[in-house]
2 protein chains.
Amino acid sequence: MRIVALAGGIGGARFLRGLLHTAPEADITVVGNTGDDISLFGLRICPDLDTVMYTLGGGINEEQGWGRADETFTLREELAAYEVGPSWFTLGDRDFATHIVRTQMLDAGYPLSAVTEALCDRWRPGVRLLPMTDDRVETHVVIEDDAGKRAVHFQEWWVRLHAGTPAQSIAAVGAEDAKPAPGVLEAIEAADLVVLPPSNPVVSIGTILAVPGIRAAVAAKTVVGVSPIIGGAPVRGMADACLTAIGVETSARAVAAHYGPDLLDGWLVDTADGATAGDLDGIAVRARPLLMTDLEATADIARAALDLAGELRP
Amino acid sequence: MRIVALAGGIGGARFLRGLLHTAPEADITVVGNTGDDISLFGLRICPDLDTVMYTLGGGINEEQGWGRADETFTLREELAAYEVGPSWFTLGDRDFATHIVRTQMLDAGYPLSAVTEALCDRWRPGVRLLPMTDDRVETHVVIEDDAGKRAVHFQEWWVRLHAGTPAQSIAAVGAEDAKPAPGVLEAIEAADLVVLPPSNPVVSIGTILAVPGIRAAVAAKTVVGVSPIIGGAPVRGMADACLTAIGVETSARAVAAHYGPDLLDGWLVDTADGATAGDLDGIAVRARPLLMTDLEATADIARAALDLAGELRP
């Protein structure tokens, strides 16, 4: 079975681990969000791709969900001693090495997709990991506070401001001129199934779908999504702040409606939301326990998504 | 008193510590060699400038003479896990931070002299540290071995091959088109004295003097040098391999003659070489214990250089 998953960071990566566990023989291509990417200290950082790579490759900090296990922070300390910032984006020594290797390859002219493949030669995540695009797409958030109204990089809003200042709008700058990375459309076209893990519907999956060609290719497939909203709140992260910015209610049902029946065929909601979920026009809804408390529970969710796809596939 | 010192790495840095100790009120400008600089992992590394900066700023690994104290090697381990080399040039985590800051500033368009000044804001070395030039000068060494005759970067010959393959020639590529960094000629012209510490006469001091304008400016001053050769051998490092490459005998006397009386006014040799040294045509020679065994011994050597300069100054 050929599966394509569109993934953001922590939620997507954890779901993928369950998917690999329940479908070890599947041929899985992950299309990763790169709208969160940022250049800091002259280095190119791809938080979502790295979270998927580290999680599936066994290098993730399990408690935290991002960054490396057994991490140290000597460089961070030294950069602070040089008074070189920003200090609000935490980078560990092991993580720095990834960004150094990536930046060196990008500077040498390799596209991000080739760089990601090279990094995965080490991590062997068990999936084919592709960035959504090799072009520069950057998620910007318009906020207004004492410093006035301005657009900031997504990471500044998310990590530095903890999404505490309401987003007036969110834009994937550069997306409209971006091309899907080599292999992305081909993988979607060849897929038996496209899965939308419980990633952020706005700044993760929404950004991937904003790259011209991807949404249409996905919509032509059997698509099953897993709600990132349980009981009216994101399980982790601040997806509610993103949904509010684009005028979507923070509920499992509203997220499905936002994706729309042209895109989505099946939708898994948590049992807590089962009563109010019901089928949506053109979207089959099933209620299952969606908390990814451990690998078994996560594999069960992935299995439920595959089962629902099995029902729906033409 | 205004003093200019031309310095390479370890020998120069240690001598400078003695000079600062014996002449704490002196206004000292250090012109550092940048011919050893190398780009690795996409980062710009200036070994000699850093050795001076770390040594005088209290951050040096004392036993080793280069690199940072309390160093860790997590990045090195990670880069090896990515199979990204070279592995023969040892960079510690703390040291990496310096190169990251430097590279980011260079990429932003700052000249190396401005970057060095910014790094010294942290280290406060007690001297004004200037690179010999802001232009790219790279010391290359022509060698011949099983892989054929070829020019390699100085660091590859020195660090990777331990200067074990004889150098057929040594060239400071780019030197003839380089301009002294801002402040270098001005500092030399304003100096009461120019000191040549016991640095490598070929690839450290020789390279600095190869930047057009520097040698003539230095020659116009009272110049006292300290022999890096004691008893016919370099105290540390492999200066003999460099001297042989340019056809100069490895002796205190031959090095002085190589600098020449047009450049050098006074020359300190070790007491071990006192008997054979004598005055050279136009160069006053004094024999003193030259082993920099500790700070006191080093300060005595620096004091002897200042005393000799006092005798010679017009």
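## Legends: the interface of chain A and chain B

View 1. The model is predicted, with local features needing pLDDT of at least 70 and side-chain atom pairs counting only at pLDDT 80 or more, while totals for chains, interfaces and linings use all residues; side-chain values use heavy atoms, leaving out hydrogens and water. Residues are numbered from 1 along each chain as its sequence is written, and chains are lettered from A in the order in which they are written.

**View 2. The axis relating chain A and chain B.** Chain A is superposed on chain B by a rotation of 180° with 0.0 Å of shift along the axis, at an RMSD of 0.0 Å (least squares on the C-alpha atoms of residues with pLDDT of at least 70 in both copies). The two copies are therefore related as by a two-fold rotation axis. In chain A, A:Asp93 has the C-alpha nearest the axis, 3.6 Å from it. Both copies use the same surface, as 100% of the contact residues of chain A recur in chain B.

**View 3. Salt bridges and polar contacts across the interface.** Between chain A and chain B there are eight salt bridges (a side-chain nitrogen of Lys or Arg within 4 Å of a carboxyl oxygen of Asp or Glu). A:Arg94 is bridged to B:Glu77, with the closest N and O atoms 3.1 Å apart.

**View 4. Helices on the side of chain A that touches chain B.** Helix H2 (47-57), helix H3 (74-81), helix H4 (93-107) and helix H5 (112-123) of chain A each give two or more residues to this side; helices are DSSP runs of H or I, at least four residues, numbered from the N terminus. H4(A) provides the largest share, eight residues. By type, the residues of this side are 15 nonpolar, five polar and six charged, with Tyr counted as nonpolar and Gly as polar. In all, 26 residues of chain A are in contact with 26 residues of chain B (heavy atoms within 4.5 Å).

How values were computed. A polar contact is a pair of N or O atoms within 3.5 Å; within protein, one must be able to donate a hydrogen and the other to accept it, and residues adjacent in sequence count only if both atoms are side-chain atoms.
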